[in-house]
Structures are given as structure tokens and as C-alpha cells.
Amino acid sequence: MIYDISFTALAFFFVFVGLVLGLSFYFGRKKSSSSSYYAAGGQIHWAVNGIAFAGDYLSAASFLGICGMIAIAGFDGFLYAIGFLAGWIVALFLIAEPFKRLGKYTFTDALNAKFNSRAITLTASISTLIISIFYLIPQMVGAGDLVMPLLGLPHWAGVILVGAIVIAIVASAGMASTTYVQFLKGGLLIVLSTVLTVYILKNGLSTPPEFNENTYHKFMELTPEVKNDQIVSVPNWSVITQQQIGDKTFVKLAQNGIERWFEWTQNEDNLLKETLTITKKADGTTLYNGESKDNRKFYQVGHLSKIIVNGQELSQTGPLGPFEFLSTIKDSEIVRFLQVKLTDGNEQVSIYYPEVTSGSKFMLPGLKYKIGSDANLWSKMDFVSLMLALFLGTAALPHILIRYYTVKTPRDARKSTILAIAAIGGFYILTLFIGLGAGVNGVMDVESSNMAAPLLARAFGAALFSIISAVAFATVLGTVAGLIVASSGAIAHDFIDVYLKKNLDDDKKVKVGKIAAVIVGVFAILLGMAFQGINVSFLVGWAFAIAASANLPAILFLLFWKKTSSTGIAASIVTGIISSLAIILTSPTMWDKYGLGAENALHQLENPALISFPLAVLTVYVFTKMYPKKKTNLDHTTT
Amino acid sequence: MHVNNSAEEKEIVTQQKSKLGVRLFFVYLICYAGFVILGVFKYELLATTVFWGLNLALTYGIGLIVFAVVLGIIYNYYCTKYEDQAEETENLTEGDSK
């Protein structure tokens, strides 16, 4: 996409980032013990903690990813919102209080409170690290996407910028600062999403989506002359070539030396319909719609082709109530832009062509996760697997669990969690309006769905865009900081201090934690660059699946089955990690990343939880039966 | 549930809360699984218009979010009640022994 630098946004951005850094340095000066570095000394008020919980949870995946996926795949994006929130039920009803009573600083400590087993320390710290890294990838991808319109920088620069700022925050302060940063960010995110939703409803729907000073590109439709299924001529254009991709035909035409690709709807209305294209030439240059980036011929898209209200076709609706907005989209027709890739000589071409989708289809699951009439066994399994991972993953995320220790009592932990559920639930309902609003108001960047919400805000005015971008950026900062604290805890506390028995003193423990934070941060930067362009909610789905498979069976058995042995727990963590990672690394998305083609992948399952979670459950049971708990362990407790 | 009880909380309260938590979890699990099962086996039902012009998928989805919040509030209400009752009993016992 082509973006101008927004100076208003830039000003807000620096003020906000300055505020966040100032806050963390302020709290950084006040503390130095390892307990305050990892768990804010257990002194945070429950209400602050509750909103901070929400702040932690409403990461780039929620704000950028869910809105983006709703904008391009309709209800399937909302599945993430439903699943993400449902996961809190597991956390609240089964895990929150017992964990608070068990734990010290980290997930590993809590899991090991009854055993003092080295195998659990090692496996749990590895799983914390892997889950945190998988959760870090989408945050970094989101950060890169955000800075493109905000600062006019390339994706990689954004990733490095976020990485550097977060490393500075974490290395200077720790958990106390991230709690207040998350509180501030969580609160602002909810308020601003409400404001954005009010704008969307007040604006209503229109076709073409032109409001304020926004203009929408009018896509060309040309009539070709056809002979023997081949286009022979098009008025004012010269015909270069045509290619068949699946059931679609794409035709390359040229005019005034500029080459453009059109979709030929031969069997419907026999028209050539303008597409958006990105062409990577052999010499390394990239053309947008056949021209250089600076010519600005690449457009934002997504619109309604028909607006139907009470059976009547309108060109605009005026202000709408929330239910009216949803039902009007359901009755109307949406134009989405879908991607195909093709090779033309030595050029790699990505074509984004318009696809008319009925609103009733758009407001049902099935555009991404096929479960309707066009479903097969794999696609149905994928849907169930995703819903399972989202439901079971939340309670097992190490950076969420760590926040249970930042309040004084189990009662406070419970109240924090309920406040978080209410705040997050409210926010997720708003994402439905923001996502749909972005999908139909001509603001989508076809290269990345992640920018749906901020770009929609930009259509309503520079001020709203700048504040929302700054908050979204802070969202990424806060989440990445929390994740890096959790990972550095796993390395410095669990692995070096406990597993390797280095018995570090308090100062050394903090120092090692900070070094670990820098290393994880650099690693996250590299991965953020590698996964550019993939929807961040989709990526987070993987982190949830690994957490659900590696950690949750261990936690549930520990809490609800007295006989559970340390060998059973360690074996289940290992099985969960290996099986989920194996399925992810051989999935169609990864096969596409390796350049082998998604359709050639070893299997068609995108989310591993359906297989890896039951496997881990079975492992903890079988290994506990094979290697039962020793008698001495029964009474062994650590405090 | 076999967790360490902190000094200030009685075993009976922990058990009451745990039992309630597990029950509410299963109530929600059934509702959530219902949505997934509908999606896989009775997909066409999700398209049915329910009310305010919304289809079943949207109504069910938003309903699951709201229901989670409602269950959370119910859970907190009863947990707080159990804890307060236990505290009151303890205070009364202490008062009697003086």
C-alpha cells in the first residue's frame, strides 16, 4: 500500500510513546527486587489489574487482527472474538483462584509447587518460551503494519522500532511498569473503539462509500471482442496475454505503455473488470497497478455494491442503529477483493480481484473456515480445532497467568478477572462493527488486513486516526513488554536459577532476566519481519493452540486429579509442544511460506489443537499411570 | 480440588467455590459446544433470522459473549457470599469463645 506520513499522527505518536516510556522509567526507579520485577510485588489494586488484564489480552491480535479478519472474511473473524472471550471462562472458573493459591512468580513455579521436579521446570520453561515467541510474532507483524501509514516507514523498520522500545522498557523496569502501561492502554482502547463505533453508525452505509472528503476509485469495466474463447481486441487497449487460474481468467492489457491485469467474467456478463496488481519484476523493482509506487495508482477498497433496506435498494442509508447496521449489511451485497498469485514470464504477479458476496453469506461462518455446503472433512476439523484452541488456550497463556500474582488475594484475582471479561467482551462486540465498517467503507489495504481499524479511523478524520494509531502502537508495546517479561522469567528464573541451580542472588536474577529480555526481543524482531502480510489473529490462533496443548492438560490434571505425577506433567508438556509444533510447521500456511505451495502441504489442518490437545491429555494420564507419584511427593509442598 | 489452602481461607469455602466454578464451566461449555456443533452439523440453521433482523449465528455469537459476563458476575456474587459467610461464622465462634 502507498501511504503518506501523517504529521498529526506523528505528534500524537511521540507524545504517547514518551508517556509510556516515562511511566516505565518512573516505576523502574522505585523498585529493584526480583519479586517486583516479575510480579509487581503483589501490590496492584484489583480494578487496575482487571483493566490491565484486558490491556494484556487486547493485543494486536484483537484490535488489528479481529477487525481485519471481519473486514475481509465477515463472521469468521468474529469467531476469534467469541473464542477468545470464551477462554476466560476456563481461566475464571477453573484456574484463577487455585493458581493464585499455588503460585509464586511464574507459570512454572505454580505448576511445580507440589513436586519440585526438575523435569517440570525444564519443560514448563521451554513451553513458556515457545508460546511467548509464537504470541510475539503477530505483535511484531502488527507493529510493522502500523508504522507504514503512521510514519511512512517500511514494515521492517516498524518491527525494529517496537522491538527496540520494548527492550528499553523491559530492561529498565519490569512488571510494575507493564501493569500500568496495560491499564492505560486497555482503558483507552475500549473508549476509542466506542468512539469509532459511534462514528460508523452515525455515518451509516453508502455506495460508493464516499463521505467526508473521501473519494472511492471507480473500477473500470471493458467490453472485449472474443473469438474461440480468446480475447482478440479491446477498444483503446492492446491485448498482451491471458491466463487461467482455477475457474478465473485474467487478461493483461496495455495502454500508453502501462500494463494492467483485468478479470474476464466470460461466463457471466462477458466484461473485463479492473483488478489491483502488484508485480515483482526480475530486476527487483515492484510495480503497483503497472506503475511505480509514487504514481499512487493503488487504491483502498471494500464496498457495498447494493444496499438493501426493507427490500428497497438505496444508495445511502443515513445514521443507523447497531442492529439495523448489522441487518442492513446482512441483506446487502459486499464486494471483497480476493488474491491470486501467478507467474507471467519472469514476473511474479499478485492480483486482487473483486468478488461480489451476498451479505447473508458474509454474516455467516464459512468464508475462511469452510463449514457449509462447500466444506470437506479437513475444513470442518479446522473450524472445530480453532474453536477448541481459542477456548482452551487463554487460561494457559503464560503472560496472562503471570498477572494472577500481581494482586494480593484470590478474591482480588477473581474480581480482576471478571472486570477483564466484561471489558474484553464489550470490546469484542465493538470489533464486529469496526470490522464490518472497515470492510464496506472503502478503506481496506489489500496487502494486509491488519490495518482495517486504523485506516477506517483515518477515513473519519486525521485526529481520530492519530489517536487510534498511537493507542494501537501502545497496545503492541504493552503486550510485547508483558510477553518479554514472561519469557525472560522462563529463562532467568526457571531455567538458569532453578533448573541449573545457579542460586542467583536478587540483583543477579534481575540482571540475567534483562539480558534474556534483550535476546528474546531481538529474536522476535527477526520473526516479525519473516511473517509480514499474514493476519495477526490467525497467527495468534497458533499461540493459543500450543498453550492449550502444552500447558492446559498439565494444569487441569494438577488441579483436579490428585494422583497426577510429575512425570505425567512433564511428558504431557513435551507431547503438547511437539505435536502442535509439528502440525503447525507442516500446515498449508507454512508450506506457502516455504515456497512449496499451500495445496502441496502434508495435511490441510491449519490449527493443531484438535489433535495435539487430546494427545497431551492422553499422555498425562498414561504417564501418570506408568510412573505414579512417589509417596514422599504426596505431602511435599513448597511455599 | 487439592490445592494449598492459604491460612485465611477455610477448606469448605475453597470446596464450595471450586464446585460452583466447575458447574458454571460446564454450563458454558455446553452452550459453546452447541455453537460449534451447529456450525459443523446444522450449518443452514445459523442463517435463520432470529430477531432484530439478525441471523442465529450473530445472535448466538453475541449471546455467548454476554453470557460469559453474566456467568462471571453470578460466580463472583456466590463466591463473595461463601467467603463472607465463612468470615461471619469465624467471627461468631471467636466472639463465643471470649
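These notebook entries record what I looked up in a predicted model.

**Entry 1: domains of chain A**

I began with the domain assignment of chain A, which gives domain 1 as 7–27 + 45–204 + 377–635 and domain 2 as 221–362. I then looked up the separation of the two domains of chain A and found their C-alpha centres 36 Å apart.

**Entry 2: the interface between the domains**

I next asked how many residues of domain 1 of chain A are in contact with domain 2 of chain A. I found 26 residues of domain 1 in contact with 25 residues of domain 2. The area buried between the two domains of chain A is about 1,800 Å², and carbon and sulfur atoms give 65% of that area. I noted that Leu201(A), Val440(A) and Val446(A) supply 32% of the area that domain 1 of chain A buries against domain 2 of chain A. This is more than any other three residues supply.

**Entry 3: a hairpin of chain A**

I turned to strands β2 (residues 225–227) and β3 (residues 230–233) of chain A, which run antiparallel and are joined by three bridges. Opposite Val226(A) I found Ile231(A) of β3(A). The hairpin of β2(A) and β3(A) has two residues between the strands. In this hairpin Asn228(A) takes a positive phi near 50°.

**Entry 4: Ser117(A)**

I located Ser117(A) in the loop between α6 (107–112) and α7 (118–151) of chain A. Is Ser117(A) buried or exposed? Its relative accessibility is 11%; the cut-off for buried is under 20%, so Ser117(A) counts as buried.

I then examined the surroundings of Ser117(A). A polar atom of the Ser117(A) side chain lies 3.1 Å from the backbone nitrogen of Ile120(A). Leaving aside neighbours within four places in sequence, I found Ser117(A) in contact with Asn112(A) and Ser566(A).

Key. Residues are numbered from 1 along each chain as its sequence is written. Chains are lettered from A and ligands numbered from 1 in the order in which they are written. This is a predicted model: local features need pLDDT of at least 70, side-chain atom pairs count only at pLDDT 80 or more; totals for chains, interfaces and linings use all residues. Side-chain values use heavy atoms; hydrogens and water are left out. Two strands pair if DSSP finds at least two bridges between them. Helices (H or I, at least four residues) and strands (E, at least two) are DSSP runs, numbered from the N terminus. Buried means under 20% relative accessible area, exposed over 50%, partly exposed in between (1.4 Å probe, protein chains only). A polar contact is a pair of N or O atoms within 3.5 Å; within protein, one must be able to donate a hydrogen and the other to accept it, and residues adjacent in sequence count only if both atoms are side-chain atoms. Contact means heavy atoms within 4.5 Å. Domain bounds come from an automatic or database domain assignment. Buried area is the accessible area (1.4 Å probe) that two parts lose on being put together, summed over both.
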